[in-house]
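Please prepare a briefing on the structure shown below, written for a reader who is new to it.

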Amino acid sequence: MKNEPVVTIGIPVYNGEKVIGERIKHILNQTFQNFIIIISDNNSSDNTSQICRDASVNDKRIVFFQQEKNKGPYWNTNFVLSKAKTKYFVWAFADDLWEENFLEENIKILEDEPKIVGSIGDVTEFNRKIDENSGEVKIKIIKNLKKFQYVHPISGSIENKIKFYLNFNYSTAIYAVFRTDVLKRVNVFEEFMNPLRWRADFAYVLNIIKEGDFHVTTNNTVYKEVANTSTSIIQYLRKSGYAYFDILLYNFPFTIWCLKNFGGKIFLKNLNYFIRLNVVSSFGLSAEIIRMIKRILSGKEKYW
């Protein structure tokens with residue numbers, strides 16, 4: 001029917017009371033209005049659930065689920081996708097923002113170009129600072145150093161697409177508007193949550209681009225919030241409940257997944273990437289150890 005929603009907006013959230021109301025408000029102000037919003041609160045301990053519940057009462061396009069137990073970020077992200085019955089789907093994480101024409105422009109691309117499986121606006125980062133007394137929110141945009149810094153269009157052979165995105169090494173494409181059937185067909189979140197493994201979002205992106213081309217529009221922007229201070233991957237993994245052995249070799253399961261998923265030929269052609277990833281890159285264990293040594297020598301607080 002004409003009035004049936006075209007796109008599902010999935011919002012997995014946990015303890016997001018400071019930002020979730022603003023996020024919902026911005027989505028409701030999109031120029032494209034034919035959507036349904038699925039919100040899943042992963043058993044928050046703050047006021048997130050009440051804010052979301054109130055929003056669902058005020059707008060019937062919002063469907064709210066309150067989880068009785070926190071089952072982890074992968075589970076919650078996968079849950080909102082599982083509820084989607086529309087042609088298109090997009091994840092909208094609570095601390096990010098879209099320009100008002102985000103849905104309109106990217107859905108138009110998908111409608112016009114059947115070979116494209118996902119479309120997104122260019123991505124830039126920002127810092128958000130909330131005044132504890134007044135509650136006023138201040139946004140500081142971090143200007144990109146180059147075009148397509150965090151997300152890049154891709155087309156061509158599967159082999160070339162995989163090689164390009166491995167070296168591009170960003171998973172930001174996961175925030176695009178996608179064809180729902182493609183997302184469900186190549187879903188890796190269930191596989192990566194038992195046991196919990198690192199880089200599920202990047203594995204998902206690699207699976208998606210196997211299915212078709214990926215587009216980046218130039219007339220709308222996705223704003224990704226980043227922390228004001230530096231963080232440690234190992235620190236994050238410890239807080240997220242990863243086993244110590246999994247932390248020691250945290251990129252290894254992703255490496256094995258790539259070998260199994262893409263085959264020996266593509267894997268060997270990208271062997272240098274996987275060596276760098278596991279040993280010497282900024283995503284590798286050695287780099288994390290060097291960062292810790294620098295913090296100790298400079299008198300800064302230890303990450304872990």
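E105 touches T217, N219 and N220 when residues up to four places away in sequence are not counted, a contact here being heavy atoms within 4.5 Å. This is a predicted model, in which local features need pLDDT of at least 70 and side-chain atom pairs count only at pLDDT 80 or more, while totals for chains, interfaces and linings use all residues. Residues are numbered from 1 along each chain as its sequence is written, and side-chain values use heavy atoms, with hydrogens and water left out.

- E105 belongs to helix α4, which covers residues 102-112; helices (H or I, at least four residues) and strands (E, at least two) are DSSP runs, numbered from the N terminus.
- With a relative accessibility of 21%, E105 counts as partly exposed, on a scale where buried means under 20% relative accessible area, exposed means over 50%, and partly exposed lies in between (1.4 Å probe, protein chains only).
- E105 and N160 are 55 residues apart in sequence, and their C-alpha atoms are 27 Å apart in space.

**Strand β6 and its partners**

- Strand β6 is mostly covered, since 13 of its 15 residues are buried.
- β6 pairs with β9 in the parallel sense over ten bridges, where two strands are said to pair if DSSP finds at least two bridges between them; in this pairing T124 stands opposite Y223 of β9.
- β6 also pairs with strand β8 (residues 177-179), in the antiparallel sense and over two bridges, and here S119 stands opposite V177 in β8.
- Strand β7 (residues 137-142) runs antiparallel to β6 and is joined to it by six bridges, with K138 in β7 as the bridge partner of K129.

**Salt bridges**

- Side chains of opposite charge can pair when their charged atoms come close.
- A search of the whole structure finds nine salt bridges, each being a side-chain nitrogen of Lys or Arg within 4 Å of a carboxyl oxygen of Asp or Glu.
- One of them joins the side chains of R128 and E22 at 3.5 Å, N to O; because R128 lies in strand β6 (residues 116-130) and E22 in helix α1 (residues 20-28), this pair ties together parts that are 106 residues apart in sequence.
- R128 is buried, with a relative accessible area of 6%, whereas E22 is partly exposed at 24% relative accessibility.
- The side chains of E225 and R128 also meet in a salt bridge, at 2.6 Å, N to O, and this pair links distant parts of the chain, with E225 in strand β9 (residues 213-225) and R128 in strand β6, 97 residues apart.
- E225 counts as partly exposed, at 23% relative accessibility, and E22, R128 and E225 are linked in a network of salt bridges.
- R185 and E211 form a further salt bridge through their side chains, at 2.9 Å, N to O; R185 lies in helix α6 (residues 180-185) and E211 in the loop between α8 (200-210) and β9, so the pair ties together parts that are 26 residues apart in sequence.
- E211 counts as partly exposed, at 34% relative accessibility.

**Cysteines**

- A disulfide is a covalent bond between the sulfur atoms of two cysteines.
- How many disulfides are there? The count comes to zero under the rule that a disulfide is a pair of cysteine sulfur atoms within 2.5 Å.
- C52 is buried, with a relative accessible area of 0%, and C258 counts as buried at 1% relative accessibility.
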